[in-house]
Amino acid sequence: MYSSCSLRDCNRKKYCVLSLQTVLAARELRWKEEELLAKSLAQEFSGHRLAFAFCTLRMPASLRIYGPYKEIAVQLRDALAEALMEKAFTIIASGQKQYDDGPSAWLASCCDEEILKRMAISIEEGHVLGALVDIDVTDAEARLLSRRDMGFEPRKCLVCDNEAMVCSAGQCHSLLDIAAHIEAIISDSMALRSSKSL
Amino acid sequence: MRVLKSVTAGSLESSDVLVTITPVSEDHIEYDIESIVIKQYGKRIRQITEEMAESAGITGARIHVQDRGALECTLRARLETAIERSIVC
């Protein structure tokens, strides 16, 4: 249950509605904390080339705080960590935090930031749940790397084939439509998991 | 009302916008708009930014808007916060 909801409301509605103020305050807090974290770890591990990955859910805020989705950010951060370790990159720290607008999971690696960004894009595009997360990558000074600057195509919308940012900025799809597509992605991932375990 | 200090409001997360206001020595306002959806919404973002700066009556400022696909209500809220922060001692 979200802190500002009554238990009765939570039992009645599947998804909570968050105020704009709550969402904006949480985003700004997370942004500032990520910047501080990157700078303090860079200072602590000076002499190493560090890069950071911050994983959040890619869906409207009222879905991000829905219980069953909370683990996805951690699950995909762990998938990225595994991919880094397979390539012998060291992970110096990792963590997770629940903000008022949803979960966040992060890791810091001794790795070139462009390599980390490419690996994050592979997870976003190749993992069965990748479409449901945003993995932001920064360098040791908390400068964000963008797909566009690195020559990658912008991400597609969860619902249609258009650019995600255009659909999101124009609020092109209803919450229920987005939720249905998310459920379909999760069902596919569960089906894949059970077929692997057979 | 002159802008007194450099401030930011917002973030560079997807669907958000980072507004940075810095004081300049001249009386006018300089606008610098960046957006990943500049083709679709660039004009609207500039129009809202100019309207809000003018209605707040601030002068001597550079307003840098880095939009990551924010909704109009988000842009307005971030601009309002940044303007408030820039004029408080």
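Guide: In chain B, Ile45(B), Ile48(B), Thr49(B), Met52(B), Ala53(B) and Ala56(B) of α1(B) meet Glu72(B), Leu75(B), Arg76(B), Leu79(B), Glu80(B) and Ile83(B) of α2(B). The model is predicted: local features need pLDDT of at least 70 and side-chain atom pairs count only at pLDDT 80 or more, whereas totals for chains, interfaces and linings use all residues. Residues are numbered from 1 along each chain as its sequence is written, with chains lettered from A and ligands numbered from 1 in the order in which they are written.

Visitor: What makes two residues count as being in contact?

Guide: Their C-beta atoms, placed from the backbone, must lie within 7 Å. The residues of the contact of α1(B) with α2(B) divide into eight nonpolar, one polar and three charged. Here Ala, Val, Leu, Ile, Met, Phe, Trp, Tyr, Cys and Pro count as nonpolar, Asp, Glu, Lys and Arg as charged, and the others, Gly among them, as polar.

Visitor: How do the axes of α1 and α2 of chain B cross?

Guide: The axes of α1 (residues 38-56) and α2 (residues 72-87) of chain B come within 10 Å and cross at roughly 35°. Axes are lines fitted to C-alpha atoms, for helices over the stretch in contact, and angles run from 0 to 180 degrees between N-to-C directions. Helices (H or I, at least four residues) and strands (E, at least two) are DSSP runs, numbered from the N terminus.

Visitor: Why is the crossing of α1(B) and α2(B) called right-handed?

Guide: A crossing is right-handed if the near helix is turned clockwise from the far one by less than a right angle, and left-handed if anticlockwise. α1(B) passes α2(B) in the right-handed sense.

Visitor: Which strands stand at the edges of the sheet in chain B, and why?

Guide: This open sheet of four strands has the order β1-β2-β4-β3 (chain B), with mixed pairing. Two strands pair if DSSP finds at least two bridges between them. β1 (7-10) and β3 (29-35) of chain B each have a single partner strand, so one side of each is left without a neighbour in the sheet.

Visitor: How do you know that β2 and β4 of chain B pair?

Guide: They are joined in the antiparallel sense over seven bridges, against a requirement of at least two. Leu18(B), for one, has Gln66(B) in β4(B) as its bridge partner. α1(B) lies across β3 and β4 of chain B, at about 150° to β3(B).

Visitor: What is the order of the sheet in chain A?

Guide: The order is β2-β3-β1-β4 (chain A), an open sheet with antiparallel pairing. β2 (91-99) and β4 of chain A are the edge strands, each pairing on one side only. Seven bridges join β1 (residues 50-57) of chain A to β4(A), and Phe52(A) stands opposite Thr138(A) in β4(A).

Visitor: Why is Ala180(A) called partly exposed?

Guide: A residue is buried if 20 or more other C-beta atoms lie within 10 Å of its own, exposed if 12 or fewer, and partly exposed in between. Ala180(A) has 13, and is therefore partly exposed. Ala180(A) is found in helix α7 (residues 175-197) of chain A.

Visitor: Which element gives the most to the side of chain A that touches chain B?

Guide: α2(A) does, with five residues. In this interface, 13 residues of chain A are in contact with 17 residues of chain B.
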